[in-house]
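This report goes through a few local features of one structure for a reader who has not seen it before. Please look at the sequence and the model first.

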Amino acid sequence: MRPAQADNWQGAALDAGAGAGPRWRLPYAARPRYLQLETVTKCNAKCPFCPQNEIVRDPARMPDAMWKKIVDDTRGWGVTYRPFLTNEPFVDKRQPEIVRYIKQNDPTARVEFNTNAELLTEELGRELLDAGVDIMRFSIDGFSAATYEPSRVGIPYAKVLERTTRFLEIWDQEGWRDKVFTEVRMIEVPENRHEIADYRAYWAPRCTEVLVTQLYQWPWTGQKPEDVVKKPCLKVLDEMFFYTDGNATLCCWDVHEKAVIGNVLEQSVQEIWQGHAARCLRALLDDGRRDLIHLCSRCNAYKDYDFGRFATGGAGA
Ligand code: SF4
């Protein structure tokens with residue numbers, strides 16, 4: 001969840017379970033609203049800032065029965081499904097089938113992709129639109145090969161530019177503009193800062209929205225124990241994440257499965273969301289005890305966010 005969304009959150013608090021008298025009480029959703037599914041572990045890029053190439057999960061591809069069970073468990077909940085995690089979604093050729101399965105008989109479901117677009121052929125783009133995709137986000141961190149290619153290693157900028165532009169032409173000219181949200185987004189770094197104005201000028205007329213964001217830091221990438229952030233976390237209020245092996249984890253940044261909260265082969269999605277492991281971890285986060293959660297003990301997400309509106313008046317709040 002982004003800080004601006006949390007500021008406007010109106011939801012009721014879900015009992016966090018363990019840990020009486022937490023310093024904060026965050027409004028965890030009664031059911032997840034966003035589900036991310038790692039349908040494959042692979043990516044077509046080797047970006048220096050991303051730990052994707054460290055993943056050695058088995059299986060490398062989520063079995064059909066597993067992603068279908070996750071979808072079946074959550075039909076009618078108004079979920080936005082993201083059929084990818086740390087991987088590039090279109091490495092998985094099943095994506096049009098996955099979108100169709102999610103959308104069939106569930107008018108509340110939405111499907112969202114975030115792609116680098118290298119593998120997004122015209123044919124695949126049309127299949128996804130016909131299948132009912134709702135949101136397409138394109139991550140393009142630069143406006144030239146010189147700035148783009150050192151950060152998205154292995155992907156030719158010219159191909160990304162051509163394929164994204166072509167998809168957006170089809171979206172615009174073939175009647176999808178009012179049905180599908182499209183976004184082109186860039187992480188701002190010193191190397192591409194001088195291109196932001198040209199980037200906006202090119203992409204703004206071609207998509208629904210242009211977003212320029214700041215670089216974030218993955219947990220366990222140089223943070224020191226003494227710098228632990230003793231605050232809750234916004235990322236876990238209404239999102240759930242599944243790996244190819246069926247494990248559900250607390251956070252999408254948990255590349256190495258340090259904070260597993262259940263497995264969908266043994267439990268339903270709802271049982272995992274409200275299960276003991278998830279409730280204990282939420283209680284620790286609500287008490288500002290990231291230091292007691294292995295994954296979170298080296299994470300500085302939301303360190304500058306003011307959690308005051310969620311304070312309970314408990315110890316030290
Ligand atoms: S690692 Fe922990 S503290 Fe960091 S974003 Fe994920 S859940 Fe929040």
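In this predicted model, Glu257 counts as partly exposed because 13 C-beta neighbours lie inside 10 Å. Glu257 sits in the loop between β8 (247-249) and β9 (260-263). Its phi is positive, near 55°, and Glu257 is a residue other than glycine. Most residues other than glycine have a negative phi, and most peptide bonds are trans.

Trp220 is another non-glycine residue with a positive phi, about 60°. Trp220 belongs to the loop between β6 (209-214) and β7 (239-242). With 17 C-beta neighbours inside 10 Å, Trp220 is also classed as partly exposed.

The table sets out the two residues.

| Residue | Phi | C-beta neighbours inside 10 Å |
|---|---|---|
| Trp220 | about 60° | 17 |
| Glu257 | near 55° | 13 |

A further backbone feature concerns a peptide bond. The bond from Asp58 to Pro59 is cis, and its omega is near 5°. Pro59 is part of the loop between β1 (34-37) and α2 (64-73).

Next come the helices. Two packed helices are described by the angle between their axes and the distance between the axes. How do the axes of helix α3 and helix α4 cross, and within what distance do they come? The axes of α3 (residues 95-103) and α4 (residues 122-131) cross at roughly 5° and come within 9 Å. Angles under 35 degrees count as roughly parallel, and α3 and α4 are therefore roughly parallel to each other. On the α3 side, the contact is made by Gln95, Pro96, Val99, Arg100 and Lys103, and on the α4 side by Glu127, Leu128 and Ala131. By class, the residues of this contact are 4 nonpolar, 1 polar and 3 charged.

Helix α4 has two sides. Gly125, Leu128 and Leu129 of α4 are buried. These residues cover an arc of only 100° around the axis, which puts them on the same side of α4. The buried residues of α4 pack against α3 and α6 (157-173). Glu123 and Asp130 are exposed, on the other side of α4. After α4 comes Gly132, with a positive phi near 115°.

The last topic is the ligand. Which residues are around the ligand? They are Pro219, Cys233, Lys235, Val236, Leu250, Cys251, Trp253, Arg290, Leu295, Cys296, Cys299 and Ala301. The shell around the ligand holds 10 nonpolar and 2 charged residues, and no polar ones.

Methods. Residues numbered from 1 in each chain as written. Predicted model: local features only at pLDDT ≥ 70, side-chain atom pairs only at ≥ 80, totals over all residues. Near = placed C-beta within 6 Å. Nonpolar A, V, L, I, M, F, W, Y, C, P; charged D, E, K, R; others polar. Axes fitted to C-alpha atoms, helices over the stretch in contact; angles between N-to-C directions. Helix = DSSP H or I, 4+ residues; strand = E, 2+ residues; numbered from the N terminus. Parallel < 35°, antiparallel > 145°, perpendicular 65-115°, else oblique. Contact = placed C-beta atoms within 7 Å. Buried ≥ 20, exposed ≤ 12 C-beta atoms within 10 Å, placed from the backbone. Arc of directions from axis to C-beta.
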